[in-house]
Amino acid sequence: MEETIKLIKEAHAGDKEARDRLVTENMGLVWSIVRRFSGRGHELEDLFQIGSIGLLKAIDKFDPSFEVRFSTYAVPMITGEIKRFLRDDGMIKVSRSLKEMSVRIQSARESMTYDLGREPTLDEIAQKLEISREEVAASLEARAEIESIYRPVGDASDTNTCLLDKLEEKNNGQEKVLDRIVLETLLSGLNDQEKDIILRRYYYSQTQAEIASVLHISQVQVSRLEKRILKKMREQL
C-alpha cells in the first residue's frame with residue numbers, strides 16, 4: 001500500500017511514468033470488474049476502455065489522507081463509469097462505429113488533458129488518433145447528447161435535480177437492492193454526527209471547511225473525524 005501511495009503522490013506531481021505504472025498494475029482490477037458486466041450486449045474490450053477511464057479518474061482524484069486502500073476507492077469509480085456508459089447507451093442509440101470511436105476519443109482526451117494540463121483541441125485529438133477533425137467533432141457531439149441528460153431541470157432553488165432523475169431507472173434491480181442494503185448497514189453503525197459528516201462529504205460534495213462551519217468545529221476536527229469514520233466503516237465492511 002505504501003508503494004501505491006508513493007506512486008499516486010508522484011503521479012499527482014506530474015510524473016507520467018508513475019501514472020502509467022499505476023494503470024498497468026491495476027489492469028487486473030479493471031478486468032475483474034468488467035467481467036461482472038458480461039452479457040450486457042457490449043464487447044468486454046469496449047467496457048475495459050470505459051473502466052480504464054474510471055481508473056484514471058480514481059488515480060487523479062484519490063486523496064492519500066483518507067487512509068483507505070486505493071483499490072477500495074477505485075472499485076466504485078470504475079464500476080460507476082461502466083454503469084453510466086451502459087445506462088446512457090440504452091437511452092440514446094448511436095451507431096456501433098460511432099460508439100467505439102467515442103470511447104477511443106474520450107480515452108485520448110483524458111490522457112491528453114493530463115499530459116498537456118489543459119483540454120486538447122479537436123485537431124490535436126485528431127492528429128493523435130490519426131482520424132479526421134470531422135470524425136472527432138461528430139463523436140463528441142454524440143457524447144454531448146448523452147451527457148445532456150444530466151442537465152439541471154429544477155427551479156432556481158433546486159440545482160441538484162437533473163433530467164436523468166425524471167427518467168425511468170434501468171439499472172439492475174438486484175444490484176440496486178444490494179447496494180442499498182450495504183449502504184444502510186454501514187450508515188446504521190454510525191451515530192448522528194458521523195452519519196451527517198459522511199452524507200455531507202460524499203453525497204452532497206461539501207468540503208471539510210463547509211462542514212466545519214455548519215457543525216461549528218474546526219476543519220482539523222472534521223478531518224480527524226472523517227478519517228475515524230472511514231476506518232470504522234471499513235471495519236464494518
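Predicted model: local features only at pLDDT ≥ 70, side-chain atom pairs only at ≥ 80, totals over all residues.
View 1. Phe62, Phe70 and Tyr73 together make up one aromatic cluster.

**View 2. Helix H4, residues 44-61.** The 18 residues of helix H4, at 1.5 Å a residue, should span 26 Å. The C-alpha atoms at the ends of the helix lie 25 Å apart, which agrees with that expectation. The buried residues of H4 include Asp46, Leu47, Phe48, Ile50 and Gly51. Ala58 and Ile59 are also among them.

**View 3. Aromatic pairs, with Trp31 and Phe48 in close-up.** The whole structure contains 3 aromatic pairs. In one of them, the ring centres of Trp31 and Phe48 are 4.5 Å apart and the ring planes meet at 15°, so the pair is stacked. This pair connects distant parts of the chain, since Trp31 belongs to helix H3 (residues 27-34) and Phe48 to helix H4, 17 residues apart. A second pair, Phe62 with Phe70, is edge-to-face, with 5.5 Å from centre to centre and 85° between the planes.

View 4. Trp31 counts as partly exposed because its relative accessibility is 22%. Phe48, by contrast, has a relative accessible area of 10% and is therefore buried.

**View 5. Arg19 and the ring of Tyr114.** The charged end of Arg19 is placed over the ring of Tyr114. The distance from this charged end to the centre of the Tyr114 ring is 3.7 Å.

Notes:
Residues numbered from 1 in each chain as written. Heavy atoms only, no water. Helix = DSSP H or I, 4+ residues; strand = E, 2+ residues; numbered from the N terminus. Expected span 1.5 Å × (residues − 1). Buried < 20%, exposed > 50% of the residue type's maximum accessible area, 1.4 Å probe, protein only. Phe/Tyr/Trp six-rings, centres within 6.5 Å; stacked < 30°, edge-to-face > 60°. Lys NZ or Arg CZ within 6 Å of the ring centre and 35° of its normal.
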